[in-house]
Amino acid sequence: MKTIAFTKLNEKGTVATRQRPPAYWAAFGAAALLSLLTLGWAFFLAPVEATMGIVQKIFYFHVPGAIAMQLLFVLCGIVSFMYLLRPRAVLDRLAVSTAEVGVLMGFFALTTGPLWARKAWGHFWEWEPRLTLTLVLAFMFVAYTALRNFGGNDELTKRIAAGLAVAGIPAIYLVRVAVTWWRGTHPRVVWSGGLTDPNMRIAFWLGVASFVAIAVVLVWERMHLESARVAVDELALELMERDLLEDDF
Amino acid sequence: MVYLHEADHHENGSAHAKCMASRDRGHQTSLRTIMRLLAVVSFALVLCTATAASAQEDEAARVGTEFQAADLSKHKEELSGIPFMVGAYMIIWSGLFAYLYSMQKRTRHVSSQLAELKDAIAAHDEAQRGDS
């Protein structure tokens, strides 16, 4: 018992304190550099928009936040589908991490958008197809995160959560096409070539790159934490079974 | 015929000279007008440059000694969204730092659990050694 427990503890202790690989630091540096470049470009080089004025600069962070959210939710859905087909711990950890960081990005998109809307539309919120569907999508993944954080570590919880994430993929598609299908009032600027000034385009794509890089760093950190947490839980359970640990651990 | 021609020539020469003199006078008049215009333009340029230089000197002198409120009323509409923009950026930065803080807190919790497990195993080892 002693040997097994120590081996596992050492092995898992190593998981908890593992050094970050060079790829992580590269992503971290890229995220920091791209964020600074985005701020500089958005505020000093991109011109003030003629109709909306300075509030339009929210766009350089609101839309990249929404794009990062959609990418993370799509990844979570794909990984969850793969988990349902073939359960593997790494897939589960990746799904949990992408869902949680995706919710954070969704929070950015859903809070900065209304601030822009207050100036552009005259009110914070409108029950417009894209906005409503984005809110529903964010709630779906909030439910996923809550289920994973408070629903225990058993296989059934993992599979139910994975099913929920897979169900989110059509919702992501609907968010993308909502403005066209239901003629919403949400602006369609990026894909219809509405960014006329080259500096506006550069600021926008720098914003997208910086949000994606930030998301990569956060997902890596969250996966690292998740693997340590799962390892500690498994070890604690084993020690409890052998009466080496009290049940209220 | 020759004389006649010479006479004609003489008469014509005299007319030609008169014509040339008249043309010269015309040229001189237009030259004078151009010169006057140039003088006026030069004077205006000198005056403008002097005024601009004087204004710059005044501005430079004023910058060091007093502050005046800028008139932004023309840009009022463009700048009215500043509170919303600042609010949006504050949400993003504070949200990011709050998430990082929560992750750090959770990592600390996992580390403390790991320390507890180490203690439990160490206590078990101690007890086993005591039994043997």
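Trainee: How many residues does the contact take from chain A and from chain B?
Mentor: Chain A gives 35 residues and chain B gives 28 residues.

Trainee: Which elements give two or more residues to the side of chain A that touches chain B?
Mentor: They are helix H1 (2-16), H4 and helix H7 (198-241) of chain A.

Trainee: And what is that side like by class?
Mentor: The side of chain A that touches chain B has 24 nonpolar, seven charged and four polar residues.

Trainee: You mentioned H4 of chain A. At what angle do H3 and H4 of chain A pack?
Mentor: Helix H3 (residues 59-85) and helix H4 (residues 89-120) of chain A pack at about 155 degrees, and their axes are 7 Å apart. Angles over 145 count as roughly antiparallel, so H3(A) and H4(A) are roughly antiparallel to each other. Their crossing is left-handed, and the residues of their contact comprise 21 nonpolar, eight polar and one charged.

Trainee: Changing topic, what ipTM and pTM does the predictor give the complex?
Mentor: The ipTM is 0.83 and the pTM is 0.74.

Trainee: What about the pLDDT of chain B?
Mentor: Chain B averages 75, with 70% of the residues scoring at least 70. Where pLDDT is low, the predicted coordinates should not be read in detail.

Definitions and conventions:
Residues numbered from 1 in each chain as written. Chains lettered and ligands numbered in written order. Predicted model: local features only at pLDDT ≥ 70, side-chain atom pairs only at ≥ 80, totals over all residues. Axes fitted to C-alpha atoms, helices over the stretch in contact; angles between N-to-C directions. Helix = DSSP H or I, 4+ residues; strand = E, 2+ residues; numbered from the N terminus. Parallel < 35°, antiparallel > 145°, perpendicular 65-115°, else oblique. Left-handed = near helix turned anticlockwise from the far one by under 90°. Nonpolar A, V, L, I, M, F, W, Y, C, P; charged D, E, K, R; others polar. Contact = placed C-beta atoms within 7 Å. pLDDT = per-residue confidence, 0-100.
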